[in-house]
Amino acid sequence: MKNILTTILIAAALTACTDAGKTPVSELGRAQEAYEEGRYARSQAICDSLIIGSEFSDLNVDELCRLSMLFMRLGENAGDEEVNTALATRCLSAAFMRDSDSTATVIRLMPSEDRARIMILSALNDASQRAAGPDSLVIPADSIPDNEI
């Protein structure tokens with residue numbers, strides 16, 4: 001009887017220790033599971049907490065790409081498509097900034113349906129980066145010679 005009680009206490013202690021720290025990876029896995037179970041609101045809440053919280057900087061390229069795809073799917077199936085697309089674009093942009101070669105590899109390994117989503121996000125990302133840069137179509141007034149006016 002004493003051995004059984006000791007075993008139960010040790011098992012309880014080990015269980016308590018293993019769930020002490022939630023990692024971004026486990027949170028992302030929980031979000032994906034919730035999505036697959038049709039619990040879109042729960043999945044959205046977890047994804048939102050990942051992108052807003054401090055865990056976002058801890059996500060690697062693969063996780064950022066997975067989170068990006070999850071935001072796209074949530075937008076398609078759970079509403080608020082514009083916001084989720086913007087968040088997905090942010091994730092993809094962060095992945096490219098961390099390691100563009102690894103991001104390209106992850107994209108190549110995705111199913112074709114997800115690659116189509118990524119192409120949309122890549123176009124949005126490229127457009128936002130061009131909009132942030134100087135406008136090449138604007139000619140400064142002082143660069144036009146006086147005799148051409």
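How many helices and how many strands does the protein chain have? Colour the model by secondary structure and count. The protein chain has seven helices and zero strands. Keep in mind that this is a predicted model.

**Stop 1: the whole chain**

The elements run α-α-α-α-α-α-α. There are 149 residues in the protein chain, and buried residues make up 31% of them. Now think about contacts between residues at least 6 apart in sequence. Of these, 66% join residues at least 24 apart.

**Stop 2: the core**

Select Leu67 and Phe71. They have the most contacts inside the largest nonpolar core, a set of 29 residues. α2 (24–36), α3 (40–52), α4, α5 (81–98), α6 and α7 each supply at least two of its residues. Which helix gives the largest share? It is α4, with nine residues. In soluble globular proteins, nonpolar side chains tend to be buried together.

Stay on Leu67 and show its surroundings. Leave aside its neighbours within four places in sequence. Leu67 is then in contact with Leu28, Cys47, Leu50, Leu59 and Cys91.

**Stop 3: α4 against α6**

Select residues 61–78 for helix α4 and residues 100–108 for helix α6. They pack at an angle of about 50 degrees, with their axes 9 Å apart. The two helices are therefore oblique to each other. Look at the handedness too: α4 passes α6 in a right-handed crossing.

Show side chains where the two meet. From α4, the contact uses Val61, Asp62 and Cys65. From α6, it uses Ser102, Thr103 and Val106. By class, the residues of the contact of α4 with α6 are three nonpolar, two polar and one charged.

**Stop 4: α5 against α6**

How do their axes cross, and within what distance do they come? The axes of α5 and α6 come within 5 Å and cross at roughly 125 degrees. This pair is therefore oblique as well: α5 and α6 are oblique to each other.

Pick out the side chains. In α5, select Leu92, Ala95, Phe96 and Arg98. They meet Ser100, Thr103 and Ile107 in α6. The contact of α5 with α6 has four nonpolar, two polar and one charged residues. Thr103 belongs to this contact, and Thr103 also takes part in the contact with α4.

**Stop 5: α3 against α5**

The axes of α3 and α5 come within 12 Å and cross at roughly 45 degrees. That makes α3 oblique to α5. Is the crossing left-handed or right-handed? The crossing of α3 and α5 is left-handed.

Select Gln44, Asp48 and Ile51 in α3, then Asn84, Leu87, Arg90 and Cys91 in α5. These residues make the contact. The contact of α3 with α5 divides into three nonpolar, two polar and two charged residues.

**Stop 6: Phe56 in its loop**

Move on to the loop between α3 and α4, where you will find Phe56. Is Phe56 buried or exposed? At 9% relative accessibility, Phe56 counts as buried, because the cut-off for buried is under 20%.

Draw a line from Phe56 to Cys91, C-alpha to C-alpha. These two are 35 residues apart in sequence and 8.8 Å apart in space.

**Stop 7**

Finish at helix α7, residues 112–132. Select Leu121, which lies in this helix. Leu121 is buried, with a relative accessible area of 0%. Leave out residues up to four places away in sequence. Leu121 then touches Ser68, Met69, Met72, Thr85, Ala88, Thr89 and Leu92. Among these, Met69 is 52 residues from Leu121 in sequence, yet the two are 9.6 Å apart, C-alpha to C-alpha.

Now select Ser122, also in α7. Ser122 is buried, with a relative accessible area of 16%. Which residues does Ser122 contact, leaving aside its neighbours within four places in sequence? They are Leu92 and Phe96. Leu92 is touched by Leu121 as well.

Note on methods: Residues numbered from 1 in each chain as written. Predicted model: local features only at pLDDT ≥ 70, side-chain atom pairs only at ≥ 80, totals over all residues. Heavy atoms only, no water. Axes fitted to C-alpha atoms, helices over the stretch in contact; angles between N-to-C directions. Helix = DSSP H or I, 4+ residues; strand = E, 2+ residues; numbered from the N terminus. Parallel < 35°, antiparallel > 145°, perpendicular 65-115°, else oblique. Left-handed = near helix turned anticlockwise from the far one by under 90°. Contact = heavy atoms within 4.5 Å. Nonpolar A, V, L, I, M, F, W, Y, C, P; charged D, E, K, R; others polar. Buried < 20%, exposed > 50% of the residue type's maximum accessible area, 1.4 Å probe, protein only. Core = buried A, V, L, I, M, F, W, Y, C linked by side-chain atoms within 4.5 Å.
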